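User: I'd like to go through this complex and ask where the labels come from. Could you tie each one to its cut-off?

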Amino acid sequence: MIDNFALLLSHALLALTAWRLVRRPDLDRDAGVEQPRAWGRRRDA
Amino acid sequence: MHDLFFVGFLLGLVILGFRRPFLFVLGYVYVDIVSPQRLSYYLLNAVPVSLIFFVLAVGGWLVKDDKSGTRLSFRQVVLILLLAWCGYTTLHADFPYAALAKWAWVWKALVFAIFLPFTLRTRLRIEGLLLFMVLSASSIIVVGGIKTMVSGGGYGSLNLGLDDNSGLYEGSIISTVAIAIIPTILFLARHGTLYPLDWKVKLYTAALVFACLLIPVGTEARTGLICIGVAAVLLMRDMKRRLLYMAGVGLALAVAVPLLPQSYTTRMHTIQGYQGDQSASTRIAVWQWTWAYVQDHPFGGGFNAYLQNRLTIKLTETPGGTAPVNDVAHDQARAYHSAYFEMLGEQGFLGLGLWAVLHLAGLVRMEMLRRRFRRTTAPEEEWIAPLATALQSGHIIYLVGALFVGIAFQPFIYMLVAAEIGLDSYLRRVRPVRAHAPMIACRPDARQDMLGIRRCVAE
């Protein structure tokens, strides 16, 4: 009973966290931060 | 039902991972901490879930992630050297089969710790990793917390949902880890962007911290009590109202101590009278044995070298002790009960040195970040110093707990170390230290000396 409650609570919060992360555009690229250029790529590319 | 629940959850993570590959990394973190395959009865226990998520995480990073500006940091190099050294000692171990059994999980923890910082490219990813670590650990901590509230727990008798006493499910280990993550939990509540601070977040944070504090009570691990003391002092460092905080801690202690189970207070008294307590005296005997062992084997004996020890322990009577007067006990194959001696006995002076450099460098770097960003006025930088403080505090609590628990290779801690490296590398990338402007300006027409260096004159 206690085991199942704790598993359910933690997994519900993990699932919600995963869902919210996926929906955020700044997960893969910080908003407003200039990313360093890759090697060999021109500044205006 | 149990099994279908885990399968559904893991499939959900895989599906989300194909949209955002960083979710594969978080999936591996979850699998490593919670071990759903070991909680499962028939569906997952035959599937290499951990390996699948590791392959997906590395594959996702290789194929889809931005890798510009990625550098190998000093601590990642130390981790690589430690991994190579552990591999060498495993090949020359005193107990080759026992050493291979430990190597089988240690190399994964080290390889993941080397890989993880490469993926931590944004602030949100660092936050997501810490949230996943905390919430995954909460699946064990909440069980322990509630069971302690209901039954009071007991040394070696608190069932955390899995009986086999491995990974985070072992009493002393979860006691140290539960206290070590309290600063991170408080950071996530205050500075997290995924869950803005409202009454629900405040309530859950308070309940989870309370559950964390209950774990050392429920497991009756003495190390946990020492860790709580260290955490209380560390949390005071950046407290604005210290007197109020100290009064609050005093009040909480006054209320909590009478409510603690009798068996707990009896066991905690043995911290002082260790000479009369067999468990504590055996530890000291093991440490003496290890020190003597490395004099002849400076490169260590490989993983699980402790299996060869034979100990004779003299116990003297102390008030509250568990031994009769001047009793002699014999023991053999006693585990190290200290990460420091674990490293020394298994990996020798070189292994201990690498391990110490890794952790000390982490503490120093977090201190530098703390000081650099402590007085920042830029709103987008306000989270940095508190995070460096939280990670450093957790790290110190771990290093204190590790004095008495053999957790030199605990994967959870290596994730914390990787989060520190990730934060450091992230800041080097997006907020490099700007060189100070010269105090004396040079005029464009300043004369050059023989070496071509312009002579600058204060104007």
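User: What share of chain B is buried, and what makes a residue buried?

Analyst: Buried residues are 45% of the 459 in chain B. A residue gets that label if 20 or more other C-beta atoms, placed from the backbone, lie within 10 Å of its own; 12 or fewer makes a residue exposed, and anything in between is partly exposed. For chain A, 20% of the 45 residues count as buried. Keep in mind that this is a predicted model, where local features need pLDDT of at least 70 and side-chain atom pairs count only at pLDDT 80 or more, while totals for chains, interfaces and linings use all residues. As for names, residues are numbered from 1 along each chain as its sequence is written, and chains are lettered from A and ligands numbered from 1 in the order in which they are written.

User: Why is B:N304 called buried?

Analyst: B:N304 has 24 C-beta neighbours inside 10 Å, so it counts as buried. B:N304 sits in the loop between helix 14 (278–296) and strand 1 (310–315) of chain B, and it has a positive phi of about 60 degrees without being a glycine.

User: Why does B:A333 count as partly exposed?

Analyst: B:A333 has 13 C-beta neighbours inside 10 Å, so partly exposed is the label. B:A333 is another loop residue, found between strand 2 (327–332) and helix 15 (339–373) of chain B. Its phi is positive too, at about 50 degrees, although B:A333 is not a glycine.

User: How many helices and strands are there in chain B, and what makes a stretch a helix?

Analyst: Chain B has 17 helices and two strands. Chain A has one helix and zero strands.

User: How do you know that the span of helix 7 of chain B agrees with its residue count?

Analyst: The expected span is 1.5 Å times one less than the number of residues. Helix 7 of chain B has 29 residues, so it should span 42 Å, and its end C-alpha atoms are 41 Å apart, which agrees. Helix 7 of chain B still has a kink of about 40 degrees centred on B:S139; the bend is the angle between axes fitted to the seven residues ending at a residue and the seven starting there. Of the 29 residues in helix 7 of chain B, 25 are buried.

User: What makes two residues a contact, and how many residues of chain B are in contact with chain A?

Analyst: Their C-beta atoms, placed from the backbone, have to lie within 7 Å. By that rule, 32 residues of chain B are in contact with 26 residues of chain A. Helix 7 of chain B gives the largest share of chain B's side, 14 residues. That side has 16 nonpolar, nine polar and seven charged residues, where Ala, Val, Leu, Ile, Met, Phe, Trp, Tyr, Cys and Pro are nonpolar, Asp, Glu, Lys and Arg charged, and the others, Gly among them, polar.

User: Why is A:D28 called partly exposed?

Analyst: A:D28 has 16 other C-beta atoms within 10 Å, so it is partly exposed. A:D28 lies in the segment after helix 1 (2–23) of chain A and touches B:R20 and B:T122, leaving out residues up to four places away in sequence.

Key:
Helix = DSSP H or I, 4+ residues; strand = E, 2+ residues; numbered from the N terminus.
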